[in-house]
Amino acid sequence: MAGATGFTGSPRLAANLQTVLVDLVELQLVAKQAHWNVVGPNFRGLHLLLDEVVDAARAAADTLAERMRALGSTPDGRADTVATTTSLPVLPAGELSTATAASMVTARLRTAAATARTVHDEVDAEDPSSADLLHAVIGTLEKQAWMLAAETGAVGTAPDDVA
């Protein structure tokens, strides 16, 4: 809808963008947790690649949250909100082998991309500009998933772990 100050998104648009936002915030945390606790063969390569996932998720979350503000809504990235509303499964505590860390973070990247795909059409119907941001998010997440899967030779296969 158009207001005196420009386009203002509907509550449904805000909710859809919030759904993607919490997955991006959780993805940052999950990837950093894995980064800190990964052990095993190709440690250094995976350790560095996980930081790239953190950076990509952080940048995407920031862009999406700022879009929400531009549309008149308030993004909510508080820990309790993220923990109770994310679609990403909890990452187990403790050390993770490189293969397990790569598989688990790949699965979470794919889940976050699927969340963005799920809300995309409804977002696009109301605000194509926000849908363009979702396109970029999906592309980034799917690229990061491919790169992580390539670390363990699991490209083109579904990860064993989605939980």
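**Exercises on helix packing and loops**

Helix H5 is followed by glycine 153, whose phi is positive, near 75°. The model used throughout is a predicted one.

**Exercise 1. Determine whether the span of helix H5 agrees with its number of residues, and state what its buried residues pack against.**

Step 1. Helix H5 comprises 24 residues, 128-151.

Step 2. The buried residues of H5 include Leu134, Val137, Ile138, Leu141 and Leu148, together with Ser130 and Gln144. The buried residues of H5 pack against helices H1 (11-37), H2 (43-70) and H4 (98-126).

**Exercise 2. Classify the relative orientation of H1 and H5, and describe their contact.**

Step 1. Two packed helices are described by the angle between their axes and the distance between the axes. For H1 and H5, the axes come within 12 Å and cross at roughly 30°.

Step 2. Angles under 35 degrees count as roughly parallel; H1 and H5 are therefore roughly parallel to each other. Their crossing is left-handed.

Step 3. H1 contributes Leu17, Val20, Leu24 and Leu27 to the contact, while H5 contributes Ser130, Leu134, Val137 and Leu141.

Step 4. Sorted by class, the contact of H1 with H5 has seven nonpolar residues, one polar residue and no charged residues.

**Exercise 3. Carry out the corresponding analysis for H1 with H4 and for H1 with H2.**

Step 1. The axes of H1 and H4 lie 9 Å apart, at an angle of about 165°. Because angles over 145 degrees count as roughly antiparallel, H1 is roughly antiparallel to H4.

Step 2. H1 and H4 cross in a left-handed sense. Among the residues of H1 that meet H4 are Arg12, Asn16, Asp23 and Ala34; those on the H4 side include Ala101, Arg108, Glu122 and Glu126.

Step 3. By class, the contact of H1 with H4 has 13 nonpolar, four polar and five charged residues.

Step 4. The axes of H1 and H2 come within 8 Å and cross at roughly 160°, and these two helices are therefore roughly antiparallel to each other. The crossing of H1 and H2 is left-handed.

Step 5. The contact of H1 with H2 has 18 nonpolar, four polar and three charged residues.

**Exercise 4. Are glycine 9 and asparagine 42 buried, exposed or partly exposed? Locate each residue in its loop.**

Step 1. Glycine 9 is found in the loop between strand E2 (6-7) and H1. Its relative accessibility is 18%; since buried means under 20%, glycine 9 counts as buried.

Step 2. Leaving aside neighbours within four places in sequence, glycine 9 is in contact with Leu71 and Glu126. Glycine 9 and methionine 68 are separated by 59 residues in sequence, yet their C-alpha atoms are 8.1 Å apart in space.

Step 3. Asparagine 42 belongs to the loop between strand E3 (38-39) and H2. Although this residue is not a glycine, its phi is positive, about 60°.

Step 4. The relative accessibility of asparagine 42 is 43%. This value lies between the limits of 20% and 50%, so asparagine 42 counts as partly exposed.

Notes
Residues are numbered from 1 along each chain as its sequence is written. This is a predicted model: local features need pLDDT of at least 70, side-chain atom pairs count only at pLDDT 80 or more; totals for chains, interfaces and linings use all residues. Side-chain values use heavy atoms; hydrogens and water are left out. Helices (H or I, at least four residues) and strands (E, at least two) are DSSP runs, numbered from the N terminus. The expected span of a helix is 1.5 Å times one less than its number of residues. Buried means under 20% relative accessible area, exposed over 50%, partly exposed in between (1.4 Å probe, protein chains only). Contact means heavy atoms within 4.5 Å. Axes are lines fitted to C-alpha atoms, for helices over the stretch in contact, and angles run from 0 to 180 degrees between N-to-C directions. Angles under 35 degrees count as roughly parallel, over 145 as roughly antiparallel, 65 to 115 as roughly perpendicular and the rest as oblique. A crossing is left-handed if the near helix is turned anticlockwise from the far one by less than a right angle, and right-handed if clockwise. Ala, Val, Leu, Ile, Met, Phe, Trp, Tyr, Cys and Pro count as nonpolar, Asp, Glu, Lys and Arg as charged, and the others, Gly among them, as polar.
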